[in-house]
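Me: I'm new to this one and would like to learn how to read it. Can we go through it feature by feature?

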Amino acid sequence: MSYRDSKDQEKVHTDFKERMSYGDYLQLDQLLNAQDRLSSHHDEMLFIIIHQVSELWMKLILHELWAAIDAIKNGDLQSAFKMLARVSNIQNQIIHAWDVLATLTPSEYIEFRDDLGQASGFQSYQYRMIEFALGYKTPHVLKIYEKDEELHRDLKAAYESPSLYDAAIEKLAEEGFEINDNLLKRDYTKIYHADASVLEAWKKVYQQVDKYWDLYQLAEKLVDIEDSLQQWRFRHMKTVERIIGHKTGTGGSSGVGYLKKVLDHRFFPELWDLRTHL
C-alpha cells in the first residue's frame, strides 16, 4: 500500500454512532427486509424483488411526469424536456427487468403461484397513475382501491387531472394554433380520442421545425415515452405468456388476452398519424 493510499484511508469516516450513514439515509434496514416470501421456494425472491424494483422506478416516473406537466403549463419547456428524457431512460430499465423475470420457468412459478392469492400486478396503483398521467382514464379500476380511502382519493384526483398530452395540446393553443375549443374545455376523466385540429397543428410543427423547435422537441419526447411504454407492455405480455401461457391472471384478469388488448391503445394518436400525412 502506498503512502497516499494509507493517508486516504485515514480520512474515511468509520464512526457512525452519532452520524447518519449510507444505510440510515436510504433506510436499507426497512428496504432490504421487505422481501417476505410466502413460500419456501427459492425463486419467489426473484419474483418479489423484480416487482418491488419496478414499483420504485414507477415512483420516479410519476415524480418526473407530474413535474413535467407543471413545467409545460408554466412555459418551462426546457425543464420538461429533461424530465421526459429521464422518464424514457427509466422506462428502459423497467423493460429490461422483464428479461430477468423471464428466467423464471413455468415449473418454478407454479410452485408458489397459489400463495399469491388474488394479488396481481393488475392492481399496481402506481401503474394506474402513470396511465392517468398519460391520458388513459378507465373508471372501473378505481374500485380496486376503495378499501384504502387515502389512496382512493389520490387516485381519483389523478384521474380527474389533465394529462401530459392535455398540457401539450394546451401549449399548442397558446402558441397560436387553432385547436378545437371543446378539447380545451374537455372532461379530463374521458379517454382522449384523435382530433383533426390537433393533427393539423402537429403537422405544421413538423413541417416548420426551425420555427417551432420547442414544440417539435416536445412532440418527439412524447413519442419516445409512448414507444417505450408500448415496448414495456409487449415485454410484459410475452413474459406472462412464457411463464403461465393463457391462464387467467391471479387478479382475475384474462392475463395474456388483456395484455394484448391494451397494446392497441394509443396515448398520443396524432403524433403517430402525422407520420403518414407528412
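Reply: A nonpolar core is a set of buried Ala, Val, Leu, Ile, Met, Phe, Trp, Tyr and Cys residues joined through side-chain atoms within 4.5 Å. Buried means under 20% relative accessible area, exposed over 50%, and partly exposed in between (1.4 Å probe, protein chains only). This is a predicted model, where local features need pLDDT of at least 70, side-chain atom pairs count only at pLDDT 80 or more, and totals for chains, interfaces and linings use all residues. Residues are numbered from 1 along each chain as its sequence is written, and side-chain values use heavy atoms, with hydrogens and water left out.

Me: Which residues touch the most other members of the largest nonpolar core?

Reply: Out of its 77 residues, those are L65, L164, Y165, W202 and L271. Take L271: leaving out residues up to four places away in sequence, its contacts (heavy atoms within 4.5 Å) are Y165, W202, Y206, A219, L222 and V223.

Me: How many aromatic pairs does a search of the whole structure find?

Reply: First the rule: rings of Phe, Tyr and Trp (its six-membered ring) pair if their centres lie within 6.5 Å; planes under 30 degrees apart count as stacked, over 60 as edge-to-face and the rest as tilted. The search finds 13 such pairs. In one of them, the rings of Y206 and Y216 have centres 5.1 Å apart and planes at 75°, so they are edge-to-face. That pair links distant parts of the chain, with Y206 in helix α11 (residues 196-207) and Y216 in helix α12, 10 residues apart. Helices here are DSSP runs (H or I, at least four residues; strands are E, at least two), numbered from the N terminus.

Me: Are Y206 and Y216 buried or partly exposed?

Reply: Y206 has 14% relative accessibility, so it counts as buried, while Y216, at 22%, counts as partly exposed. Y216 also pairs with W213: the ring centres are 5.5 Å apart and the planes at 40°, so this pair is tilted.

Me: Where do W213 and Y216 sit in the helix relative to each other?

Reply: An α-helix has 3.6 residues a turn, so residues three or four places apart point the same way. W213 and Y216 are 3 residues apart in α12, so about one helical turn separates them.

Me: And what follows α12?

Reply: That's G245, whose phi is positive, near 65°.
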